[in-house]
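Hi,

Here is the structure I promised to pass on. My notes on it follow below; have a look and tell me what you make of them.

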Amino acid sequence: MPGNLSILASAQNGVSDEDARILRGLRSGIENAYEELIDRYQGGVYGIVFRLLGNQNDASDVVQEVFLKVFRSVGSFRGQSSLKTWIYRIAVNEAHNHRRWFSRHCCREVAVEGQRADHADSLKLAADPGRSPFEQALESENRTLIEQALDRINPVFRTAVILRDIENLSYEEIADILQVSLGTVKSRILRGRDALRRELTLEHGFAEAFI
Amino acid sequence: MTCFSAKRQSTAFLDMRLRAREHARIAAHLYDCASCAAYFEQVGSLRSGLNALPGVATPPRLNTALRVLASRELQAMEEWGGSRWKRTWERWKFRLRLLIDPLTIPATGGVLSSLILFGSLAFAIDNTSQSVDYDVPLISMNDITANLVPVEFRSKEVVLTMSLDGDGHIRDYAVQDGTSSFTGNTTRLQYNNIVLPDFQGILAFDHPTNSDISIQFTPLAFRR
């Protein structure tokens, strides 16, 4: 069957055996394949989208759009990249589109505090017996400072920093997701980190932010 | 190595992406340059801080929503019967619906307004002509324009026939004065004139007046 041949060929390019198996299942309409795809990638996709949008409800909506696109486009996926980078690419594009659409058409009231509170509930960090409450509070404050500074930098650089420093993706994976060269990836990460550093220095003094 | 080039490679240095030789060069520069060393330390701390951010937990309802989505897609896939064209049609119908949905209300309003407006105008369009049996107003008190029809009356039965255009303007006229046909003496325009105003427009009469109108009257004075 032509579909299987294309998958085998793709395995030589970027698709692992595991991904090829899932792709075969998706194209054949096997329910388990769909569930496996969701279990494997929903966390990563949600994390990226949430970091890009900063809003839990919007992130949930966008993630559903992402998976819908994945389900419907799986037939046209040629395996030139890994399944992971392909899905993450869709996620990044959908998040950016959503952000652009909202900035143009909606004057919405953004309850940052409320959303952050929802998000804080979802984190539910376990108490670390090895660290004092003071250290934990300081760490929590540093975390908030970083997240706020991250929201203020250019979205293009923010995306690169999130993918590298938070999602721990490699330069090659980031280049594949963003469809840019390795040099551009390095440049964006450099400028993103630098912008973040300046934001923290301007607002709080870097030494105070990172004791 | 300059500070500028060292900072440019801070990303690759911290991410251990440099070759050993290049890495060593930058390390040597950092040993000698306190400013760059401070910069690299700050960026390194920032990177660690970002790395230490806690993961984002997926909301439970999202997991359910994705599974519902998957089952719907599976069901649709079974309905399509593997037909690529049907699937393409469904996909474009979905996109078209997303495009059109925001336009539905204003578009419907526009269509309805057009139907009402042009529908009401349709009743005013009527090209048929018919004779009427009611008095035709000849003079409007507010009309300041008038046509002067120079004529010498020779009998007591005068028939004035006027041809009107669609706007009620007099295009032409003829006078039947007794046994004579039209006579007009333009040199005596000042004395023997019938003052005729323009007739009202189409809507004032309710029917077009672009046909001939004959008026028979008896002059109070006539030349024998």
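Val158(B) stands opposite Phe217(B) in E5(B), and Met162(B) has Ile213(B) of E5(B) across from it. These pairs belong to strand E2 (residues 158–164) of chain B and strand E5 (residues 212–217) of chain B, which run antiparallel over six bridges. Strands pair here if DSSP finds at least two bridges between them; strands (E, at least two residues) and helices (H or I, at least four) are DSSP runs, numbered from the N terminus.

Before I go on: this is a predicted model, with local features needing pLDDT of at least 70 and side-chain atom pairs counting only at pLDDT 80 or more, while totals for chains, interfaces and linings use all residues. Residues are numbered from 1 along each chain as its sequence is written, and chains are lettered from A and ligands numbered from 1 in the order in which they are written.

E2(B) also pairs with strand E3 (residues 170–177) of chain B, antiparallel over seven bridges, and there Leu160(B) faces Val175(B). That gives an open antiparallel sheet of three strands in the order E3-E2-E5 (chain B). E3 and E5 of chain B are at the edges with a single partner strand each, so one side of each has no neighbour in the sheet.

Now the contact between the chains. It takes 36 residues from chain A and 32 residues from chain B (contact: C-beta atoms, placed from the backbone, within 7 Å). H3(A) gives the largest share of chain A's side, nine residues. By class, that side has 19 nonpolar, nine polar and eight charged residues (nonpolar: Ala, Val, Leu, Ile, Met, Phe, Trp, Tyr, Cys and Pro; charged: Asp, Glu, Lys and Arg; polar: the others, Gly among them).

One helix pair across it: the axes of H8(A) and helix H4 (residues 34–51) of chain B come within 8 Å and cross at roughly 75° (lines fitted to C-alpha atoms over the stretch in contact, angles from 0 to 180 degrees between N-to-C directions). H8(A) and H4(B) are therefore roughly perpendicular (65 to 115 degrees). Val161(A), Asp165(A) and Ile166(A) meet Arg47(B), Leu50(B) and Asn51(B) there.

Finally, the largest nonpolar core has 61 residues, and those with the most contacts inside it include Val45(A) and Ile87(A). Such a core is a set of buried Ala, Val, Leu, Ile, Met, Phe, Trp, Tyr and Cys residues joined through C-beta atoms within 7 Å, buried meaning 20 or more other C-beta atoms within 10 Å. H3(A) supplies its largest share, twelve residues.

Cheers

Technical notes:
Contact = placed C-beta atoms within 7 Å. Parallel < 35°, antiparallel > 145°, perpendicular 65-115°, else oblique. Buried ≥ 20, exposed ≤ 12 C-beta atoms within 10 Å, placed from the backbone.
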